[in-house]
Amino acid sequence: MSGQSAIDLLAMHPALLSAGQLETREHRGVQATGVRGLDRLIGGGWPRGVLSELTGPRSSGRTAVLQASLATAIARGETVALIDPAGAFDPRTAVRAGIPLERLLWVRGGSRALAATELLMNAGGFGLVVLDLDETPVRAPTAAWVRLKQVAERQGTALLLIAARRAQGVGGGVVITLHRSGAQFQDTSPLPAAPAALRVLGTRAVLERMRGQTGNDNAPATLELQHDLAS
Amino acid sequence: MGSLLRIACIHAPELALQAVLRRSPEHRGDAVGLASGPGGRANIIACTQAAARLGIRKRMTVAQAQAVAGPQQHKMRVVLANPVDTAAAAAALADVAYGFAPQIESEHDGARVFLAVHDLGHLYPLGERAVAQAVAAHAERVGLRVRVGIASSKGAARTAARTAGLDEIAVIPPGDEARFLAPVPIRLGLEGATMERGVRPARTDAQVAAVADSLDSWGVKTLGQLANLPVDEATLRLGPIGAWLHRLGSGHDTETFVPQLPPSALEESLDLDYEIQELDPLAFVLRGLLDRAMARLQVRGLACAGLSLKLALSPRGIDTREVPLGAPTRESGALLQHVRLDLSRCPPESPVVGATVIMCPARVRAAQMDLWRPAGPAPEKLIATIARLQALVGVDNVGAPALVDTFAEEAVAMRPYTAAPPIVIAPEASTPAPTRLGFRRFRPPAPVDVIFDRDGPSALRAPALALRIMVAAGPYRSEGQWWQGDGFSRDYWDVQASDGAVYRMHQNRNNGSWYLDGYYD
């Protein structure tokens with residue numbers, strides 16, 4: 001293949017990378033999740049410059065991972081943002097998870113969540129941007145996801161999409177599925193009439209995809225999410 | 001460039017016409033004649049080169065100009081001189097000068113500006129011509145075409161600017177004033193005579209014209225010819241003007257440079273011939289004002305730290321408003337977003353027939369970046385982005401979350417988000433902590449029907465949800481706000497439902513209704 005035709009090919013297929021770009025991409029680093037087992041599973045954290053996904057049913061621990069990731073990124077001095085179409089963010093549990101609220105840019109995106117995410121990321125300088133779709137139905141063309149992926153790559157931002165199920169198929173980053181593994185309730189007082197309280201939620205993280213590879217040999221990570229009884 | 005005083009004169013010829021074209025840049029290449037007033041009897045006081053090619057000249061009446069243009073009359077556009085535009089253009093010219101010097105002097109209704117340039121050598125090592133070129137380029141950025149003259153005295157600089165050649169720049173080397181000014185016509189040199197301030201009272205145009213006529217009748221046509229005459233004789237016959245003109249021609253004029261400080265605010269105004277009722281056309285008009293004002297700030301290396309808007313309303317009244325800005329910005333797009341948001345929140349009560357934008361300039365300080373921490377978004381860009389996000393999803397939906405001092409656990413507030421300085425990581429923050437359970441809240445809480453047996457809730461049903469309750473923990477009573485009259489009393493339950501999720505719900509003890517607050521996650 002001549003040099004000219006190689007350039008043409010790259011221009012026609014933006015998903016293709018030159019060897020130089022590949023090296024840059026590998027060295028962009030990761031944004032730690034703050035959950036030790038999960039960090040081990042995905043090689044240190046959410047990769048920068050790509051779109052990663054965290055999926056799972058209700059009470060599978062997505063919010064816990066989301067809050068831990070935001071808290072860790074802020075502690076490292078990163079600028080972070082949460083796009084939250086449903087407005088489901090709970091500041092009380094976020095504070096207990098270690099998030100300084102004044103350092104979190106919270107966007108209740110409504111129906112314009114994807115547009116808001118793209119606009120935000122185009123500003124550049126964000127270390128971690130979380131698009132928390134949860135169960136919000138989003139009907140977006142593939143082109144919208146591709147644009148998000150490209151802007152994440154251009155800005156070097158770790159973009160994390162949280163949803164009940166896979167919301168897009170453009171790939172590129174880590175895909176984690178969380179599975180519930182049970183809840184533990186515990187009596188809070190020796191008195192027989194005292195109410196029980198939720199103590200622990202167990203969850204299992206399965207790595208579905210990482211950096212374009214599927215079917216890896218990593219064992220699922222088992223996570224234990226503790227309930228702060230002060231709530 | 002040494003320590004010798006060197007003065008630059010920036011001259012904007014036909015400032016009134018340039019002011020109109022600055023407001024409507026789409027007509028720059030058109031044949032435009034500037035009329036002194038409405039009607040066919042008004043005089044053309046300035047015209048563009050395209051108009052001159054049609055045969056239109058100054059001092060023609062509008063009717064004469066239209067007759068001269070003949071069949072090409074449709075190409076000609078006659079516009080009225082607007083003092084508001086002219087004042088804004090003069091202020092813009094002053095801003096160009098303030099971009100190079102902290103103090104300037106303005107004359108001839110703002111069409112000429114003087115500034116000292118002898119200390120710019122370290123910024124422009126290529127010389128004074130480079131300074132003049134930079135000044136002209138800055139003027140172009142605010143929509144003005146200027147001529148620049150640099151000399152060792154004010155009068156020589158003024159005359160140099162007036163006689164500048166094709167490149168509109170004239171630099172008189174130190175000590176070379178007399179040679180440079182020798183061929184300059186007397187009438188051209190006299191242009192500054194009515195402007196002289198400080199030393200003697202200003203002369204009238206009639207006095208100046210009389211002197212010019214006298215010299216003309218004597219056969220003295222140029223400054224050089226006058227400079228060759230004995231100064232005493234010239235003063236005796238022509239009075240103080242003659243002495244002044246002789247000094248100018250000899251290269252020894254002593255006009256004083258009277259510096260002025262920059263104004264504390266910057267204004268751009270626009271009078272409309274029509275009424276605007278809708279937000280979009282008003283935003284279109286304001287965009288031009290903001291662009292022009294921001295261009296003026298940018299040539300001074302400043303940002304906008306405060307924005308006020310004055311809207312002239314029809315039939316009478318003025319709507320004055322302060323547009324809140326998060327931080328100084330240099331993006332007119334971001335300012336427009338803020339203005340649009342403000343106008344959409346609180347629209348003007350009547351149609352708008354004029355607008356004034358007032359910007360408070362501020363110097364943006366460079367921030368010292370941390371070597372070991374990631375660089376966040378640029379503050380200006382962040383502000384612009386937040387403004388755009390607010391326009392996209394609503395003002396109340398963008399910001400930093402904040403806790404509310406209440407027992408109602410669903411309460412949350414939104415505070416303005418500002419890029420805070422990097423936080424210091426405490427040593428213990430790097431040690432791994434147990435992962436805290438999160439909570440995902442339904443806003444507002446979803447009403448549900450709950451079947452309650454003697455052990456507690458046993459099933460719940462909502463429009464899209466019908467679940468058995470496997471484990472229930474509670475009740476946890478919460479009461480508050482009773483001292484304010486809008487009190488609540490609730491019994492909270494944490495329940496694990498048959499779908500495997502752990503929900504939090506509560507019963508309103510005042511009316512017995514149940515609500516699903518969200519689920520642990």
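Predicted model: local features only at pLDDT ≥ 70, side-chain atom pairs only at ≥ 80, totals over all residues.
Chain A comprises 7 helices and 11 strands, and buried residues account for 51% of its 231 residues. Among contacts in chain A between residues at least 6 apart in sequence, 68% join residues at least 24 apart. Chain B contains 15 helices and 20 strands; of its 521 residues, 49% count as buried. In chain B, residues 24 or more positions apart provide 61% of the contacts with a separation of 6 or more.

Helix α12 of chain B, spanning residues 240-250, is mostly covered, with 9 of its 11 residues buried. The buried positions of α12(B) are I241(B), G242(B), A243(B), W244(B), L245(B), H246(B), L248(B), G249(B) and S250(B). Just after this helix, G251(B) adopts a positive phi of about 80°.

At the interface, 63 residues of chain B are in contact with 66 residues of chain A. The area buried between the two chains is about 5400 Å², and carbon and sulfur atoms give 58% of it. Between chain B and chain A, 23 residue pairs are in polar contact, with both residues at pLDDT 80 or more. The side of chain B that touches chain A receives two or more residues from each of α15 (379-393), β13 (398-402), β15 (439-453), β17 (465-480), β18 (488-497), β19 (502-508) and β20 (514-520) of chain B. Of these elements, α15(B) gives the most, with 7 residues. By class, this side of chain B has 39 nonpolar, 11 polar and 13 charged residues.

Salt bridges between chain B and chain A number 4.

Over all chains, the count comes to 41 salt bridges. Within chain B, E268(B) forms a salt bridge with R296(B), and the closest N and O atoms are 2.9 Å apart. Because E268(B) lies in strand β9 (residues 266-276) of chain B and R296(B) in helix α13 (residues 279-299) of chain B, the pair ties together parts that are 28 residues apart in sequence. Both E268(B) and R296(B) are buried.

A salt bridge also joins D319(B) and R321(B), the closest N and O atoms being 2.8 Å apart. D319(B) counts as buried because its relative accessibility is 13%, and R321(B) is likewise buried, with a relative accessible area of 8%.

The side chains of E410(B) and R490(B) meet in a salt bridge at 3.0 Å, N to O. This pair links distant parts of the chain, with E410(B) in the loop between β13 and β14 (413-415) of chain B and R490(B) in strand β18 of chain B, 80 residues apart. At 21% relative accessibility, E410(B) counts as partly exposed, whereas R490(B) is buried, with a relative accessible area of 12%. Elsewhere, salt bridges that share partners join R22(B), D95(B), E268(B), R292(B), R296(B) and R300(B) into one network.

Notes:
Residues numbered from 1 in each chain as written. Chains lettered and ligands numbered in written order. Heavy atoms only, no water. Contact = heavy atoms within 4.5 Å. Buried area = accessible area lost by both parts, 1.4 Å probe. Polar contact = N/O pair within 3.5 Å; in protein donor to acceptor, adjacent residues only side chain to side chain. Helix = DSSP H or I, 4+ residues; strand = E, 2+ residues; numbered from the N terminus. Nonpolar A, V, L, I, M, F, W, Y, C, P; charged D, E, K, R; others polar. Buried < 20%, exposed > 50% of the residue type's maximum accessible area, 1.4 Å probe, protein only.
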